[in-house]
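Subject: Structure handover

Hello,

Please find the structure below. Notes on the ligand site and on one helix residue follow it.

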Amino acid sequence: MYSESLVKLGKVRSEIREIFEYANKRKAEIGADKVFDFSIGNPSVPAPETVNNAVIDLVQNFDSVALHGYTSAQGDAKVRQSISDYINQRFGTKLTANHIYMTCGAASSLTIVLNAIMLPQEECIVFTPYFPEYGVFLERTGAKLVPVESEEKTFQIDIERLKKAITEKTKAVIINSPNNPSGVVYSVETIQKMCALLKEKEKEYGHSIFVITDEPYRELVYDDVEVPYIINYYDNTFVCYSYSKALSLPGERIGYIAVSPSMECEEDAYAAICGAGRALGYVCASSMYQRVIEKCLDDTADISIYKRNRDLLYNSLKDMGYQCVYPDGAFYLFVKAMCEDAHEFCEKAKEFELLLVPADSFGTPGYVRVSYCVQTKQIEDALGAFKKLAECYQ
Ligand code: PLP
């Protein structure tokens, strides 16, 4: 009676959600302060004051009917113009309002782009570890997800492995930097090599290979690390941007797609985005929040708190003997499990009320993800539990 695959999808929670629900249950049982929940990537830093001021100003001074009314399907023209101006000024690009499509966050940006470009049986490459929802988004298009293992230790893109994975059916490559869950930022050198290879393969196969860059964590980088702007390196690029983490607004559902002005058949590319948005019912992203973010384009949440958490967690865990990937960005620490099976390791951690996510569903068995977008006190309080966990394996 119903779509079997969707019933299944609706019944099975993601591993992250599963642990998050367990954390809530456990908090109700023994008290929130006794549970060290490092499961979900929900920002713990409030939205900046500029967001609150923008909301108040709009409610008090903007025409109320327009504020809560429909905008154009692709988003308000003035907002899209402001976003393209901002990107151009920051990255030296040549975007116009007609390269921007407003969405309700990176998740819908990704589904729109994937539906716009992927045909059944075509292949989309992702790099391990990768956001597990990519698989869910891609399945609906009938295309195939092709995971490519990243370099050991650095977790940068492994160019040789990428070369071997590209086939005639390769239509797109998704990159996510800063990365969830590794925290790694792809270097300029990595991006240059990847783009050179993709251009070579486009020529060899005689068709476009698109780069989809999933960027909810672009603003969350520490110590002045550069996050290359892919449109400046590769023509056939779609940027999937989101304000969920940058402005701590995940529940407001606001983001955009930027289509490279140098994209092959650029007008059709934007039309396909508009068409996919329409077909999926993703038209007119939150009218009020389009206007809110227009007033906050140059702002971010206070990420110094995440940096403090990163330093505390990384240094402490290293001292305890954990093998961790050094995260330049996002708010996740990627840690090697101290036994072969990361699930078993996370079950052991539960004995100390330590809730970690096994990275098997991210395509990297043997690792766990620790979300450090929590109060710093939670990390301080949890260090004893991390130590006890390590001692079980020493
Ligand atoms: N992509 C990655 C890598 C993410 O980690 C997330 C959310 O955590 C998303 C996309 C979805 O973000 P949004 O809230 O903007 O839909």
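On a 1 Å grid over the protein atoms alone, a pocket is an open set of points with protein on both sides within 12 Å along at least five of seven lines. A molecule sits in a pocket if more than half of its atoms lie within 2 Å of the pocket's grid points. The space taken by the ligand is the largest pocket.

The model is predicted, so local features need pLDDT of at least 70 and side-chain atom pairs pLDDT 80 or more, while totals for chains, interfaces and linings use all residues. Residues are numbered from 1 along each chain as its sequence is written, and side-chain values use heavy atoms, with hydrogens and water left out.

There are 13 residues around the ligand (a heavy atom within 4 Å). Ala-106, Asp-214, Tyr-217, Ser-242 and Arg-253 come nearest. The shell divides into five nonpolar, five polar and three charged residues.

Polar contacts (pairs of N or O atoms within 3.5 Å):
- Asp-214: a polar side-chain atom is 2.6 Å from a ligand nitrogen.
- Ala-106: a backbone N or O atom is 2.7 Å from a ligand oxygen.
- Lys-245: a polar side-chain atom is 2.9 Å from a ligand oxygen.

Taken alone, the ligand exposes 400 Å², of which the protein buries 90% (Shrake-Rupley, 1.4 Å probe).

Gly-277 belongs to helix α10, residues 266–280 (a DSSP run of H or I, at least four residues). Gly-277 counts as buried because its relative accessibility is 0% (buried means under 20%).

Regards

How values were computed
Polar contact = N/O pair within 3.5 Å; in protein donor to acceptor, adjacent residues only side chain to side chain. 1 Å grid on protein atoms, 1.4 Å probe; cavity = no way out; pocket = protein on both sides within 12 Å on 5 of 7 lines; lining within 4 Å. Nonpolar A, V, L, I, M, F, W, Y, C, P; charged D, E, K, R; others polar. Helix = DSSP H or I, 4+ residues; strand = E, 2+ residues; numbered from the N terminus. Buried < 20%, exposed > 50% of the residue type's maximum accessible area, 1.4 Å probe, protein only.
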